[in-house]
Amino acid sequence: LTCSQVTTNNLPTPTVPTMPPNANISRRSNGLASKATVSTQDLDNDPALQSVRTLKSLKGTEIAIDGVIYDIADFVHPGGEVVKFFGGNDVTVQYRMIHPYHTGKHLEKMKMVGKVVDYEAEYKFDTEFERDIKREVFKIVRRGREFGTPGYFFRAFCYIGFFFFMQYNFATSTTFFNYNNWYESGVVLAIAFGIAQAFIGLNVQHDANHGAASKRPWVNDLLGFGTDLIGSNKWNWMAQHWNHHAYTNHRDKDPDSFSSEPMFAFNDYPPGHPKKKWFHKYQGAYFIFLLGFYWLSTVFNPQVIDLRQRGSQYIGFQMENDYIVKRRKVAIALRIMYMFLNIYSPLANNGFTMATAGIIFLMGVSESITLSLLFSLSHNFENSDRDPSAEFRKTGEPICWFKSQVETSSTYGGAISGYLTGGLNFQVEHHLFPRMSSAWYPYIAPTVREVCKKHGVNYAYYPWIWQNLISTFSYMHKAGTGANWELKPLSGRA
């Protein structure tokens, strides 16, 4: 699907005053088209930048942006202390994606202590497409209004209430095998509780851990612990998910793209690639069943002990700073609480039998399928850009980050789907504006489509979820068999 093929919903798009999306654009050239924006005479003469190091030498209280090293040990960030989560890493892309109103003055608030010699920009920002899409979207969502709306918080608290109701019933039930009242049976409780957990993952913790639920950091921090209430971990989730957003579908840097390997492959590897297995040719038929084990692999994942998310660690993301180390005990305590409530308690109340264990596993499968299948739709579909950095590797020229976000993502349905999935059906809009509350995505989607059409950027839109689902199954089959790499004969009339 391209922009010329999408249908636009007649959603309200009120006109409101807006600030320019890049207030200092007239003072900067397209700096990221070179290897480092900081290589200017003024910065080279700054005594604070005379320390020249490599990215691997960054300390736990340091971050690098556009090749400049900043010490954030004493930096008071308006978004809260969570900024220190990224200590020890190059966060150029993460910074740009989460600060849509970026100007040079933002970075002046941090202490510059040096620069790195091995920084290379794969992505470029401040392109014409980026400026245009920001300009139009910010006419709809004014600055400072991009956080959760009253409607969002109403839905969030409904989902939270449903979750705690089901949590209480599942942890205290002694009627798993009493079928006199069907709604008290373990099967019904397991399926309902699994869905309740998925709703927290989709509608509550997701916005919060993006810093998008509220402008108050403590609200985001509190709601973000919803991740731990459903068997995962807030900080490991952030490590994987923020890198996924920064490098969507990047075959070497997106942790989501290779997280399922070797069991099945989201990446469309060419025939003969060492990561391509013989059984992948059948993955179109079996990958959905393996997604059902997502809960099991998460709850019993030892990564909660050291808070080193292995996918992010694989791409070089450092997770040894004091901010993360100090939270390991909290993460372990929350996991023990989860396992006590949802594994030990049901077994103690209904018998330490395989049947009870089966009910617990059913709960996990219910949560897993609801969550992971919806996430799988977002970037794995026919004609998605599965290798957005290919042009950079060929030419050395950075690619437009905003364009890559659109062409690696899909959107399906409308507002009602958004209310159920936490706006994850608006995956294009979410990846363009990851710190905007999902409540706004139905309103900006038509404008995003129009701007994409204007700039010739491919926008994949499916009016119904089943259409996206069919496309995902088709893609997974072709990625497994290598069909996309086969030479197709020319056809046509003479």
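Strand β2 (residues 62-65) is covered on both faces, with Glu62 and Ala64 buried on one side and Ile63 and Ile65 buried on the other. Here, buried denotes under 20% relative accessible area, exposed over 50%, and partly exposed the range in between (1.4 Å probe, protein chains only). Strands (E, at least two residues) and helices (H or I, at least four) are DSSP runs numbered from the N terminus. The model is predicted, so that local features require pLDDT of at least 70 and side-chain atom pairs pLDDT 80 or more, whereas totals for chains, interfaces and linings use all residues. Residues are numbered from 1 along each chain as its sequence is written, and side-chain values use heavy atoms, with hydrogens and water left out.

Strand β2 has two pairing partners, β3 and β4, where pairing requires that DSSP finds at least two bridges between two strands. Four bridges join β2 to β3 (residues 68-71) in an antiparallel arrangement, and Glu62 stands opposite Asp71 of β3. The two strands form a hairpin with two residues between them, and Asp66 in the turn has a positive phi of about 55°. With β4 (residues 89-90), β2 pairs in the parallel sense over two bridges; Ala64 has Asp90 as its bridge partner in β4.

Over the whole structure, a search finds 17 salt bridges, each defined as a side-chain nitrogen of Lys or Arg within 4 Å of a carboxyl oxygen of Asp or Glu. One of these joins the side chains of Asp66 and Arg96 at 2.6 Å, N to O. The pair links distant parts of the chain, 30 residues apart: Asp66 belongs to the loop between β2 and β3, and Arg96 to helix α2 (residues 92-98). Asp66 is buried, at a relative accessible area of 4%, and Arg96 is likewise buried, at 8%. A network of salt bridges links Asp66, Arg96 and Asp126.

A further salt bridge connects Lys134 and Glu130 (2.7 Å, N to O). These residues are four apart in helix α4 (residues 128-137) and are therefore separated by about one helical turn. Lys134 is buried, with a relative accessible area of 2%, and Glu130 is buried with a value of 2%. The side chains of Lys478 and Glu382 also meet in a salt bridge, at 2.7 Å, N to O. Because Lys478 lies in helix α24 (residues 465-481) and Glu382 in the loop between α18 (354-377) and α19 (390-395), this pair ties together parts that are 96 residues apart in sequence. Lys478 is partly exposed at 29% relative accessibility, as is Glu382 at 28%.

Aromatic pairs number 31 in a search of the whole structure. Rings of Phe, Tyr and Trp (its six-membered ring) are paired if their centres lie within 6.5 Å, with planes under 30 degrees apart counted as stacked, over 60 as edge-to-face and the rest as tilted. Among the pairs found, Tyr123 and Tyr247 form a tilted one, with 6.1 Å centre to centre and 40° between the planes. Tyr123 lies in strand β6 (residues 123-124) and Tyr247 in the loop between α10 (234-246) and α11 (255-258), so the pair ties together parts 124 residues apart in sequence. Tyr123 is buried at 3%, and Tyr247 counts as buried at 10% relative accessibility. Ring pairs also link Tyr101, Phe125, Phe138, Trp401, Phe402 and Phe433 into a cluster.
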